[in-house]
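Here are my notes on this model, point by point.

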Amino acid sequence: MNAAKRYFTSIFKAIVALLKGMKLTGSYLLRPSKILTQQYPENRDTLYIPERFKGRVFMPHDENNEHNCTACTLCQLACPNGSIRIIAKNIEMPDGTKKKVLDQWVYNLGSCTLCQLCVDACPSDAIVMDNAFEFSVYDKSRLIYNLNKPGSRLKEKKTNSQV
Amino acid sequence: MENIIGSQIIQSSDDEFIINVGPQHPSTHGVLHLQLKLDGEKIVDLKPFLGYIHRGIEKMSESLNYKQFIYLTSRMDYLSAHINNQACCLAIEKAIQAEVPERARVIRTLMAELARLTSHQLWWGSTGLDMGAVSPFFYAFREREMILEIFEETCGSRLTMNYCVPGGVMNDIHPDFVRKVKQIIKQFRDNLHEYDELLTNNPIFQSRTIGVGYLSREEAISLACTGPVARASGISCDVRKKEPYDAYDRVTFDEIITTEGDCFARYKVRLEEMKQSMNIIEQLIDNIPAGEYRTKIKGIIKPPAGEYYQRVETARGELGIYLVSDGTNKPYRIKFRTPNFSNLGALKPMSLGGKIGDLVAIMASLDLIIPDIDR
Amino acid sequence: MTHWIGEKLNALFSPEWAAYVGYILAGLAIIILVVVMAVVSIYLERKIAAFMQMRLGPMRVGKWGTLQAFADVFKLMLKEPLTPAQADKQLFNIAPYLVLTVSFLAFAPIAFSPSLQLWDMNIGVLYITSVSSMGVIGILMAGWASNNKYSLLGAMRSGAQIVSYELSAGIAILTIVMMSGSLSVSGIIKSQADGWWIFKGHIPALIAFVIFAIASTAELNRAPFDLAEAEQELTAGFHTEYSGMQFAMFFLAEYTNMFIVSMLGTTLFLGGWMPLHIGNWDAFNQIMDKIPPFLWFFGKVFISLFMFIWFRWTFPRLRIDQLLKLEWKYLLPIGMVNLVIGSIITWLGWIF
């Protein structure tokens, strides 16, 4: 008798539990406002990308095409897998001394791990992480490029004598 | 090479046959190659073959300095990436005896518990997927997506954060962090009943997991299983309780231990752990101490020569980092004791005598991440 | 409408030719109907599944993704039809055609409306069940001829499952046949003129309906009983080795079978093309009568299709031994007891 009772109660409980599960999925069917999918290329205007998102390394230039990089190569030493190459050149200063300045800041976006160690290591705040993210290219060599714009120079620091 | 592998392949008699599961297979959670010897539908022997995603993380770390190798550990157990980074930073701080500000400790703990939540949510979704129910996968990802957006706002990345550095954390938390975390906790608590309705109380799911894949306590100890796998068999092994690190000594939470040791027990342990993680987050989120978020470590990190060991509790078990330093700026040897490697050993005793359908249920309940095994 | 076509044909051809051309036209109509319904049901399934999972489903191909099925078929046609090296070539090539043919054959006695029925034979229901159980041969052929351990395992499991659940489905059908007193499709529908069997035959018919729903989900190899094609376990089971159009045929056969089972269930339990009449509410009945019968029929078929889709996307999968245990220990005994109770009730006249 007990076995028969267990048989039927197990069937009944099973059916009730199954129906509850169905009710849940059915309720989502009737609530299209809960849909989370965003149609990507069409919603670019309303897309929110947080400003700290690590998309690539970027060297900000001000309106005079000047940057802050002194070619100290600390970022190149900090990068774990060699995605940075600093090429420096020597120029003549007005008073005759030679100074090392940045020629090319070569960045390999294809191998960069976006770990932010270079930004962390820079003593002059020359590079930041930018939140751009659409970088697809057909040719991998286009992922290796210079971060400093052509014709840019180091921003002059105001010394005490000039103030 | 051929001879070695040939001799390791399972020998079979005429009426049993050998099946290879993987390496490309939808349900092995990564590239795991299993060789099964089947007698009809019953599994008679099982042999895992590893190494398909071995990338040489430990060897690579020997050529990078102490700040640089941390990003590699994010790629080991990528679902608790933050906890792996935290372990490395703790080991290095132990070696150079650096002071970490209180704010950084609390932030690290909060991030670790959020990472544990995301890992368990993904585990829940893929358990449903392995059992055949596709819908739970999407419901799990809805909450996970919100936590990943919090990570994106504060740390900059969603999965491999690289947010912990020796001495603290890389940036301060975003001003919206506290509000958003509270919102998520509230929403997740409201939605937790859906998890029960879809899988836990479902008679089909229960009949596939109750009594399946039994792991006894002695066997779990001898195989060195840790994490929810061991806790479901009755072993108390939570590193957060035994050797508290960061801010775990100032929060109270329960260690979930059951004694049944089958798949359903592991399932319930992980569900309860999610609730405990939410408790920890609620205790810490309102009292983040003000102050510095990082002590800048001057110069190149050069720990004194010696051996250092640090254990943490990832979402899957105990991760141990064994650091051997010879006084230079690059480590001499780093060895990772990963939880998934030991938990994989439990696969064979649990599945012998069962069916292939049980194998899928067991793998789902073990929650293996294969890159963690192969490193 | 069929009379109009008949008159046109008779005007054009001599009587026997008219009959033959009529048959060919009817066959073509069935094929077109099947293809259209398959396309619609594929689209519906993907959209309903997506909405249940809080996502949008196909949206890119055609407006709101309506042309997605055509894109899929086009892609499948362009794929290379691969035959494994040591496969049994004749069996391998025949299997998909067999499964598809069997599905098409079962459309013959189904009544879409009072005047749209291809062949009103006096054993309509028996014909449908026996023809659709020949599909097992095709599945076993496919599994064996693929020369692949996985496919063989999948085919054997599938064969065992289908053969077992045929019994329960048959007993559920028997209950209704016994209550209505005839095996022919039109006879069963006519006996529901004063109410659908699910209302008239209260408890036994309700239990038979539930058993029929579960048994036919299992016969179709659909979740929660889709072990044979479970990707997570044995990578698509018996049709692993098929690609291109042959795979499309298995796919089409699955959806066609889904339709046949829905139509059979609608005919037996939900009144076929009979509108919904409630007792003596004449005004209501008049309005219900205005809706054309084939709309009633297809509406009911789509409701049962929706139930199949709902089951698939909510429940996890049963293991093979649990599947067979469900059948032999639960469905079959309950079905037989239900049949006995139903026959006693019918004999005593206690149905409406």
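**Notes on the model**

1. Domain separation. In chain A, the centres of domain 1 and domain 2, taken over C-alpha atoms, are 61 Å apart. The domain assignment places domain 1 at residues 2-34 and domain 2 at residues 57-154. Keep in mind throughout that this is a predicted model.

2. Strand β3(A) covers residues 84-92, and strand β4(A) covers residues 98-108. The two pair in the antiparallel sense, over nine bridges.

3. The β4-β6 pairing. β4(A) also pairs with strand β6(A), residues 144-146. These strands run antiparallel and are joined by three bridges. Here A:Val106 has A:Asn146 of β6(A) as its bridge partner.

4. Extent of the A-B interface. How many residues of chain A are in contact with chain B? The contact takes 24 residues of chain A and 30 residues of chain B. The area buried between these chains is about 2,400 Å². Carbon and sulfur atoms give 55% of that area. Three residues deserve a look: A:Leu24, A:Arg52 and A:Asp120. Together they supply 27% of the area that chain A buries against chain B, more than any other three residues.

5. The side chains of A:Asp120 and B:Arg294 meet in a salt bridge, at 2.7 Å from N to O. A:Asp120 is also one of the three residues named above for buried area. Twelve residue pairs are in polar contact across the interface of chain A and chain B, with both residues at pLDDT 80 or more.

6. What chain A presents to chain B. Three helices of chain A each supply at least two residues of the touching side: α1 (2-29), α2 (74-78) and α3 (117-121). The largest share comes from α1(A), with eight residues. By class, the side of chain A that touches chain B divides into 15 nonpolar, five polar and four charged residues.

7. Extent of the C-B interface. Chain C puts 23 residues into its contact with chain B, and chain B puts in 33 residues. About 2,500 Å² is buried between the two chains. Of this, 59% is on carbon and sulfur atoms.

8. How many salt bridges are counted between chain C and chain B? The count is two. The side chains of C:Asp321 and B:Lys355 meet in a salt bridge, with an N to O distance of 3.9 Å. That distance is worth checking against the cut-off, since a salt bridge is counted within 4 Å. Seven residue pairs are in polar contact between chain C and chain B, both residues at pLDDT 80 or more.

9. What chain C presents to chain B. Helices α7 (149-180), α11 (231-234) and α15 (320-348) of chain C each supply at least two residues of the touching side. α7(C) gives the most, with four residues. The classes on this side of chain C are ten nonpolar, five polar and eight charged residues.

How values were computed
Residues numbered from 1 in each chain as written. Chains lettered and ligands numbered in written order. Predicted model: local features only at pLDDT ≥ 70, side-chain atom pairs only at ≥ 80, totals over all residues. Heavy atoms only, no water. Domains from an automatic or database assignment. Contact = heavy atoms within 4.5 Å. Buried area = accessible area lost by both parts, 1.4 Å probe. Polar contact = N/O pair within 3.5 Å; in protein donor to acceptor, adjacent residues only side chain to side chain. Nonpolar A, V, L, I, M, F, W, Y, C, P; charged D, E, K, R; others polar. Pairing = 2+ DSSP bridges.
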